[in-house]
Amino acid sequence: MYQVRSGSMRSLGVRQSRALKGVLQESSPRFVASRRLSSSWRFSALLRGAVLQRFERFVLAMTNASAAGLRPRRTVATLQTAAAPVAPQMSEEAASAPGRRALCIVGIVLCVLFIAGFIAHASMQSGRKHIVLDDEGLQASMITKAHSVQDVLDACGVALGEHDGVIPAAATPVADGMSIRVLRANRFSVQVDGQERDVMLLAGTVGDLLARAGTVLGPLDEVSPSINTQLAPGTPVVVTRVAYKVIEDEQAIPFRTTTKKDESLEIGKQKVEKSGKEGLKVIRTQVTYRNGEEVARVVIGEQVKAVPQNRIVLEGAKKAVVKTAAPKKTVKATPTPKPTPTPRPVVASKVTRTKGDAGEIVLGGKTYKYAEMLKMEVTAYTHSGRPTASGSWPKVGSVAVDRDLIPFGTKLYVPGYGIGVACDVGGFDGYQIDLFMETERECMKWGRKRGVSVYILD
């Protein structure tokens, strides 16, 4: 700020000094050099200060000249020569002519200086632009002669990170009144494939963040929050990999046993007309995986590849021939016994082999001796409405056997079933037995078991 010197102010009148001081004080802020002004702007301010100093001197000179021309002082010598002969004197207009000429010259010089200063100031002001710089809420208003936004950032020492941005673009030319905004990138975390990644992003949606992270989503993958959600600073993004797999399992379909009357067989005898054969079905199951771990299984279909073939057993319907010599006997019909509940299987608590295939077995605290242990195939059957081959009605404990291998009346112990008696035939040969059960459901549950240890009790 330029100040008026005290010596110059004393020579002015009170009103003139106050007016000039007010003009200088009002104009002084325009000449304060800002830290961001260029050297040319400082030169312009100094030039205008010099012009004002010359204007001040002109005002002082004009005041002195007017005082000297209008009020000529009378000296003592003039009073002493009053009595002397009066010489011809100059008029007041002739006496003030040199002062007027000096005043005109000073005015011309002052006008020239004002015009030169105005031209210089206008040329200096032609490249100045007022702008506002905003860096994450920190604003600064400045005057600059920079040509581009990047030049403004460089002049202010504002550095941009790899992922930072600026609006308008860095190459945009600077215009008067422009507002420049610096955008700083935010750090976001992305959890995917068992890892957590940090990604820098200015702004955008969850989809933009995943694209920046290079994460490719599958058609079934899940994203939290949703992919179109606008990101807020500190929002974590979680990607869950979802996959479905269809597996196929083969499962056997058990066959059923049916009976047919055969007049060529005597009553009480049976014959297998057709052996049974299990069927085959394929079960399709959909397995759901989340991030590689199985979370659910759902059966989505079944397909039968082979239909089971039922076992057909022929039962004798031929009446026995009665000899005439023998007395007639009245045979009373034996009523069909009521179904008895299936007892719980007796499980052997201890098996001891004594010699060869013989040994002892403890069932329910009672010891039984067995003569032989056979590995057999064990199946199950239920009521057919007819008595067994031995003539008795079937009940729990009745066992159908191959009579060539196991005679009727032989006691057997079958693990998981208990003790039974051979009293029926099943139309099969070899190492196979058929256990009687009260319901078809129990038979289906038992199914077909191979390699079962069957103990022939003494």
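Mentor: Helices here are DSSP runs of H or I with at least four residues, strands are E runs of at least two, and both are numbered from the N terminus. By that rule Pro-168 sits in the loop between strand 3 and strand 4. The model is predicted: local features need pLDDT of at least 70, side-chain atom pairs count only at pLDDT 80 or more, and totals for chains, interfaces and linings use all residues. Residues are numbered from 1 along each chain as its sequence is written, and side-chain values use heavy atoms, with hydrogens and water left out.

Trainee: How many helices and strands does the protein chain have?

Mentor: Eight helices and 22 strands. The chain has 458 residues, and 31% of them count as buried (under 20% relative accessible area; exposed is over 50%, partly exposed in between; 1.4 Å probe, protein chains only).

Trainee: What makes the peptide bond between Ile-167 and Pro-168 stand out?

Mentor: The bond is cis, with omega about -5 degrees. Another cis bond runs from Ser-224 to Pro-225, with omega near -5 degrees. Pro-225 lies in the loop between strand 7 and strand 8. Most peptide bonds are trans, and most residues other than glycine have a negative phi.

Trainee: Why does Asp-193 count as partly exposed?

Mentor: Its relative accessibility is 46%, which falls between the buried and exposed limits, so Asp-193 is partly exposed. Asn-291, at 48%, falls in that range as well, so it is also partly exposed.

Trainee: Which residues of helix 6 are buried?

Mentor: Val-149, Val-152 and Leu-153, in a helix that spans residues 149-156. They cover an arc of only 95 degrees, taken over the directions from the helix axis to the C-beta atoms, so they sit on the same side of helix 6. The face turned away from that side carries the exposed residues Asp-154 and Ala-155.

Trainee: What do the buried residues of helix 6 pack against?

Mentor: Strand 1 (129-135), strand 2 (138-144), strand 3 (165-167) and strand 4 (179-183). Contact means heavy atoms within 4.5 Å. Just after the helix, Gly-157 takes a positive phi of about 70 degrees.

Trainee: How do you know that the buried residues of helix 7 line one face?

Mentor: Start with the list: Val-206, Gly-207, Leu-209, Leu-210 and Ala-213 are buried in helix 7 (residues 206-213). Down the axis they fall within an arc of 160 degrees, so they line one face. They pack against strand 5 (186-192), strand 6 (195-201), strand 7 (222-224) and strand 8 (237-240). Just after helix 7, Gly-214 has a positive phi of about 75 degrees.

Trainee: How many aromatic pairs does a search of the whole structure find?

Mentor: Three. Rings of Phe, Tyr and Trp (its six-membered ring) pair if their centres lie within 6.5 Å; planes under 30 degrees apart are stacked, over 60 edge-to-face, the rest tilted. Tyr-370 and Tyr-455 lie 5.0 Å apart centre to centre with 75 degrees between the planes, so the pair is edge-to-face. Tyr-370 is in strand 17 (residues 366-381) and Tyr-455 in strand 22 (residues 449-457), so the pair ties together parts 85 residues apart in sequence.

Trainee: Why is Tyr-455 called buried?

Mentor: Its relative accessibility is 11%, under the 20% limit, so it counts as buried. Tyr-370, at 2%, is buried too.

Trainee: What makes the pair of Tyr-413 and Tyr-455 tilted rather than stacked?

Mentor: The angle is 40 degrees, with 5.8 Å centre to centre, so the pair falls into neither the stacked nor the edge-to-face class. Tyr-413 lies in strand 19 (residues 411-414), 42 residues from Tyr-455. Tyr-413 is buried, at 2%. Ring pairs link Tyr-370, Tyr-413 and Tyr-455 into a cluster.

Trainee: In which order do the three strands of the open sheet stand?

Mentor: The order is 10-14-11, with mixed pairing. Strand 10 (257-266) and strand 11 (270-274) each have a single partner strand, so they stand at the edges. Strands pair if DSSP finds at least two bridges between them. Strand 10 and strand 14 (residues 311-318) have seven, in the parallel sense, so they pair.
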